[in-house]
Amino acid sequence: MPKQSKVIVIDPSKCTGCHSCEMACSIKHTGKCSTYLSNIRVHEFRDVNTFVPISCMACEDAVCMKVCPMDARVRLSNGSVGTNETRCIGCRSCTYACPFGAVMVNPETGKTMSCDLCQGDDGGPWCVRACAMQKALQYVDVLDSARVKGRNWAVALKEEHRPPEQEGGEKDFGFSFNV
């Protein structure tokens, strides 16, 4: 089974909900500009002004591959998980099994689809290129993905748990060495 060498890292805090990633994906794969034909979806939570791009995580032990009765969900040469459309019967088992909601149904064919990392395109995934301004999507080496995610969390935690400053610039850490 091929291992992924690069992955898409998603930072929802940077997503503005412009849907350019969806448009780029649909154009790349179908030649049509339609969010319904995209392998990435931006879920909108407008009441809290939050947008979360969802893409196939190419799980190492992909449950979508296990539940497919036709063995239509396959590991591609770049490590991503795709659908063999000649085998797919459109039963949607994989869509129900995916814990991330990343497997979609093509409304034109009734077959399932998911991110293939734009396999064969030397420029990388089109969704990442379309998100160049916000950088909510990054295409990074799989070994660097944890570092990218960790750095973002570290910055957020640092701000959230920063000790309050006292007069004179000293910080109160809530303990003392005085006996």
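This is a predicted model: local features need pLDDT of at least 70, side-chain atom pairs count only at pLDDT 80 or more; totals for chains, interfaces and linings use all residues.
Read from the N terminus on, the elements follow the order β-α-β-β-α-β-β-α-β-β-α-β-α.

The chain as a whole comes next. Of its 179 residues, 36% are buried. The protein chain exposes about 11000 Å², and 55% of that area is supplied by carbon and sulfur atoms. When contacts between residues at least 6 apart in sequence are considered, 54% of them join residues at least 24 apart.

Helix α1 is a place to look in detail. This helix spans residues 20–30, and its buried residues are C21, E22, A24, C25 and S26. What do the buried residues of α1 pack against? Their partners are β2 (41–45), α4 (126–130) and β8 (137–141). Just after α1 comes G31, which takes a positive phi of about 80°.

Rolling a probe the size of a water molecule over the atoms shows where empty space is left. The second largest pocket has a volume of about 290 Å³. It is lined by 16 residues, and those closest to its centre are H29, N39, E85, M113 and D116. Two or more lining residues come from each of α1, β5 (81–83) and β7 (112–113). By residue type, the lining of this second largest pocket divides into 10 polar, three nonpolar and three charged residues.

Conventions:
Residues are numbered from 1 along each chain as its sequence is written. Side-chain values use heavy atoms; hydrogens and water are left out. Buried means under 20% relative accessible area, exposed over 50%, partly exposed in between (1.4 Å probe, protein chains only). Helices (H or I, at least four residues) and strands (E, at least two) are DSSP runs, numbered from the N terminus. Contact means heavy atoms within 4.5 Å. On a 1 Å grid over the protein atoms alone, a cavity is a set of points where a 1.4 Å probe fits but cannot get out, and a pocket is an open set with protein on both sides within 12 Å along at least five of seven lines; lining residues have an atom within 4 Å of a point. Grid points are joined across faces, edges and corners, and a volume is the space filled by probe spheres set on the points. Ala, Val, Leu, Ile, Met, Phe, Trp, Tyr, Cys and Pro count as nonpolar, Asp, Glu, Lys and Arg as charged, and the others, Gly among them, as polar. Accessible areas come from the Shrake-Rupley method with a 1.4 Å probe; for residues, only the protein chains shown count as cover.
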